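Good morning, and thank you for coming. Please keep the display in view as I speak.

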Amino acid sequence: MKNLYLIAYLDLKESIRAKWFLVYSLVFGGLIALFFIAGVTESQVMGFSGLSRLLLMYIQVTIVILPIFILITTVRSISGDRDNHVLEYMLSFPISLKQYYWGKIIGRFITVYLPVLLAMIIAIIYGTIKGASIPWNIFFLYTGLLFSMSSAFLGIAFFISSFVKSSEVALGIAFFVWIVLLSFIDIALISLMMSQRMSTELIIFIAMVNPMEIFRVAAISLFDPELTVMGPVAYYILDSMKQTTFVFVSMAYPISLGLVFSFLGFQIFRRKDLV
Amino acid sequence: MIKVNNLTKKFGSHVSLDNVSIDFNKNDYIALMGANGAGKTTLIRSILGYYHPNEGSVSIDGLDPIKQRMKVLENISFVPQLPPPIKLSISELMQYISVSANVDQELIKHYSNEMKLAINENMNKSFFALSGGMKQKLLIAISLAKKSDIIIYDEPTANLDPKARDDFYRLLKQNEDEKVLLFVTHRLEEVETIVNRQVYMELGKIISDETI
């Protein structure tokens, strides 16, 4: 157990010092700051106002940038270490592959989740100081959704990292995964599929297996389902499923997906040549 | 101590090790030589349990280096040819080594000083930021401090100046008893006074194995 924590701790320390982490934290912290400066909390469009509007905007931007940030920073975790012979040296010490792999995952999870969570906490603190009413239900929902989406993409990234030999290829695959998943949250694309008379079940299925779409729908599920910003699929899902059930699914599914991919990645990692 | 039995390792269609069988025993100080691509690195990586063999096996004190990697690696010190770009600071790297392999950090400092590496002044520096020679000195110090029965060096003096090489060989002489010392080298003259066995590899095979 001590080796697992050691790997997690050292990976966390190493990541926090890295330039990508600085950019990553600045992006999410900067987003919140930008929304405040832009007066998002004071504006009222389509029924959203105050901190609810700010958090909703934050989450809408996060849907797009969080997965790619996690993918590109994490996908090189093992493949990069393999590529530059760090793995060869670090694994010449009595560390089990299980400790190394899961320790890296724990360390990296804290690294990617903490800045997005802190950005939300900053928003709440700033909102309190400003005297705004705090939408706790939205805050807790988004905290959970960010947790589950981080788990899903971290698992996918480690899975890719475990079988790819070079970090360039790993990056390429990560971009491909992101683009594919992003395409399937696009309302236009889904609308196009509907206009092509594809079966509704298929469209809903595609939307439901996509963690980014699940995240998007869950993020707006607290609001009025009649809103046009939701899109046809979100409307259909929220109309046919109880909101609490859907929120549960939207958290449980990405976490399960992340765990399954992490586990598959570990099986590949331990069965393949290490260097 | 180390038993390699009919070991074959292929990468795609390329045969890197071709039915290699060799034993290394206590007090064997071996120079492992051969041209680039002869299979030297593949052999040492197989001993370290990094490669899954296509055929044959490796055992270290009767243990499988893949299945029982933790037990096996407790007794092996390894220094690669080129120090890897580890981003940890020296103190973090030493923490990693002392926790995982139970190595006394004071001993690492002792051998670092013997190698004329001013370690105390550089503890918070990233390993990556050290010069090539400093990195190599630290890895050598770690390998000696680990007090392993098997020490594997892959061209360990590539980045060292003549004075540091002398320090290294002096320390090695003091620490070689009752061990297996395996040098991958292209410069036999450098290790001639230390080794008592010379193994030549070519195209994945052992073509000569002489005890001196």
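Predicted model: local features only at pLDDT ≥ 70, side-chain atom pairs only at ≥ 80, totals over all residues.

Residues are numbered from 1 along each chain as its sequence is written, and chains are lettered from A and ligands numbered from 1 in the order in which they are written.

Strand β3 of chain B, residues 29-34, runs parallel to β8(B), residues 197-202, with five bridges between them. Two strands are said to pair if DSSP finds at least two bridges between them. Helices (H or I, at least four residues) and strands (E, at least two) are DSSP runs, numbered from the N terminus.

On to strand β9(B), residues 205-211, which is antiparallel to β8(B) and joined to it by six bridges.

What is the order of the strands in the open sheet of chain B? The six strands follow the order β5-β6-β7-β3-β8-β9, with mixed pairing. At the edges are β5(B) and β9(B), each of which pairs on one side only. Neighbouring strands are turned by 15 degrees against each other on average, direction ignored. For such angles, axes are lines fitted to C-alpha atoms, for helices over the stretch in contact, and the angles run from 0 to 180 degrees between N-to-C directions. Helix α5(B), residues 132-145, lies across β5(B) and β6(B), at about 170 degrees to β5(B).

Taken as a whole, chain B has seven helices and nine strands. Its radius of gyration is 17 Å, which agrees with the value near 17 Å for a compact globule of 212 residues. That radius is taken over C-alpha atoms, and the globule rule is 2.2 Å times the number of residues to the power 0.38.

Chain A, by contrast in its make-up, has 13 helices and two strands. Its radius of gyration is 20 Å, close to the 19 Å that the rule gives for 275 residues, so chain A is as compact as a globular protein of that length.

How do the two chains meet? In all, 24 residues of chain B are in contact with 19 residues of chain A; contact requires C-beta atoms, placed from the backbone, to lie within 7 Å. On the chain B side, α3(B) gives the most, with six residues. That side holds 17 nonpolar, two polar and five charged residues. Here Ala, Val, Leu, Ile, Met, Phe, Trp, Tyr, Cys and Pro count as nonpolar, Asp, Glu, Lys and Arg as charged, and the others, Gly among them, as polar.

Finally, consider helix α1(A), residues 2-17: its axis comes within 10 Å of that of α3(B), and the two cross at roughly 170 degrees. The two helices are therefore roughly antiparallel, a term for angles over 145 degrees. Among the residues that meet there are L6(A) and L10(A) from α1(A), and Y96(B) and V99(B) from α3(B).

Notes:
Contact = placed C-beta atoms within 7 Å. Parallel < 35°, antiparallel > 145°, perpendicular 65-115°, else oblique.
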